[in-house]
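Visitor: I'd like to go through this one with you, labels and all. Can you show it to me and then take my questions?

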2 protein chains.
Amino acid sequence: MAATTLGPHLRPRKQPRQRRAHETRARILDAARRVFEEHGYAHGTTNRIAAAAGLSVGSLYQYFPNKDAILVELVDAHIDAGTTAVLAALPADPEGWSALPLAEVIGPVVAAMVALHADGRGLHRVLFEEAPRPPEQLARLRALERDLAALLAGTLAAHPEVTAPDPGLAARLTIDAIESLVHRIATDATSGIADDVLAAEITRLVVAYLTA
Amino acid sequence: MAATTLGPHLRPRKQPRQRRAHETRARILDAARRVFEEHGYAHGTTNRIAAAAGLSVGSLYQYFPNKDAILVELVDAHIDAGTTAVLAALPADPEGWSALPLAEVIGPVVAAMVALHADGRGLHRVLFEEAPRPPEQLARLRALERDLAALLAGTLAAHPEVTAPDPGLAARLTIDAIESLVHRIATDATSGIADDVLAAEITRLVVAYLTA
DNA sequence: GTAGGATGCGAGTGATCCCTCACGTTCGTC
DNA sequence: GACGAACGTGAGGGATCACTCGCATCCTAC
């Protein structure tokens with residue numbers, strides 16, 4: 001769960017030494033979340049973030065070398081939360097996956113993903129679509145998805161319910177379908193679809209696809 | 001297929017009277033596509049667009065009142081192309097949909113969507129994710145999706161193969177799944193999945209979901 | 001209590017970008 | 001060929017924004 005390896009231009013200026021400083025750092029990240037959600041990336045200015053944190057810009061730049069470093073930290077936190085949530089939702093023993101009905105493997109993962117996006121709906125759009133992300137972070141995301149796809153492909157190949165002829169392709173589409181549907185619908189506040197209904201329906205979709 | 005109804009701040013300054021002017025307008029839109037694709041929205045400056053079109057900024061602003069008006073026109077064109085492609089891919093007679101195997105209704109639509117995104121991969125990301133879209137245009141997109149979902153829901157309810165208990169929800173998820181999977185994978189140049197394979201697999205996914 | 005480092009401040013700098021405007025060039029018409 | 005309208009030009013105004021720097025204030029160790 002290591003964070004993105006940062007170039008020097010994205011590393012914090014100095015390490016906080018006093019408790020006050022740690023709190024200030026947290027206040028900045030919190031404020032950034034609110035400001036980005038409300039104003040979007042372009043209009044989420046560092047001055048606005050500092051003001052929302054009850055600070056001056058100068059202080060903000062003591063903790064983050066530039067605006068994008070704040071963004072990278074928010075995205076990294078979200079990726080970590082997602083990874084943790086998915087791993088926690090999976091059965092502990094990978095060998096046991098084949099013994100469980102497919103819906104009981106997929107269902108909790110989808111539910112975890114939906115829950116992860118239930119709050120801060122607008123923020124996710126900003127972090128993952130609107131804002132430019134540094135190549136290093138994109139690479140990290142890609143690697144994570146690749147690992148997850150490989151893990152899933154192995155599981156699918158071994159699972160008796162699965163009929164998909166190409167487990168690799170099926171794994172890729174499964175992950176993309178879950179991610180993009182969750183992002184698209186759970187992120188849309190006007191969808192009018194309850195989170196649990198959405199999770200159940202996405203699970204139905206994926207299981208149907210894999211066992212067709 | 002009317003374009004987005006534009007506020008006065010998005011309407012063109014004047015109508016082209018000479019053929020040269022029409023060509024200039026087209027050159028600007030063409031250049032904008034290339035520039036947005038290469039530089040993204042924020043760095044796709046009007047000066048760069050004008051230069052890429054072999055013009056000066058002043059001329060650009062004779063045809064478009066501001067930068068966003070160019071973007072609106074590009075997005076509108078893409079929406080229109082998508083609507084046309086989907087309608088053309090559907091069987092002419094809506095009554096006949098129930099008589100056809102579901103895969104033969106869904107398949108051509110998916111193939112049309114994939115083809116629509118095969119070129120200008122990066123551009124779609126800029127137009128539909130990165131760039132801020134005016135509310136009027138968002139409303140138009142939503143309305144289109146709502147109409148399409150209603151149309152599809154009716155078809156699903158009448159189709160003998162379909163087992164989904166809630167056709168409205170199923171229609172919504174079907175459309176979102178197709179759109180978001182196409183956007184995510186067809187748009188990703190590094191995916192390594194051939195367009196026809198992708199279309200076939202998305203079709204499999206949707207049909208499996210609807211007939212599970 | 002006091003020295004020195006850590007933290008906080010905010011007006012200002014330089015850069016970028018959208019858009020305008022005063023003027024030159026080309027086209028269509030008679 | 002000459003006149004007016006359509007079209008094209010590009011330097012620069014005005015605004016915004018990321019980021020800096022010189023200084024004030026607070027904290028901690030001795």
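Visitor: What makes α5 (residues 102–118) and α9 (residues 195–211) of chain A oblique to each other?

Guide: Their axes come within 9 Å and cross at roughly 140°. Axes are lines fitted to C-alpha atoms, for helices over the stretch in contact, with angles from 0 to 180 degrees between N-to-C directions. Under 35 degrees counts as roughly parallel, over 145 as roughly antiparallel, 65 to 115 as roughly perpendicular and the rest as oblique, so α5(A) and α9(A) are oblique. By the way, this is a predicted model: local features need pLDDT of at least 70, side-chain atom pairs count only at 80 or more, and totals for chains, interfaces and linings use all residues. Residues are numbered from 1 along each chain as its sequence is written, with chains lettered from A and ligands numbered from 1 in the order written.

Visitor: Which residues make the contact?

Guide: Among them are A:Ile106 and A:Val110 of α5(A), and A:Ile202 and A:Val206 of α9(A). Contact takes C-beta atoms, placed from the backbone, within 7 Å. By class the contact has 13 nonpolar, 3 polar and 1 charged residues.

Terms used: Helices (H or I, at least four residues) and strands (E, at least two) are DSSP runs, numbered from the N terminus. Two residues are in contact if their C-beta atoms, placed from the backbone, lie within 7 Å. Ala, Val, Leu, Ile, Met, Phe, Trp, Tyr, Cys and Pro count as nonpolar, Asp, Glu, Lys and Arg as charged, and the others, Gly among them, as polar.
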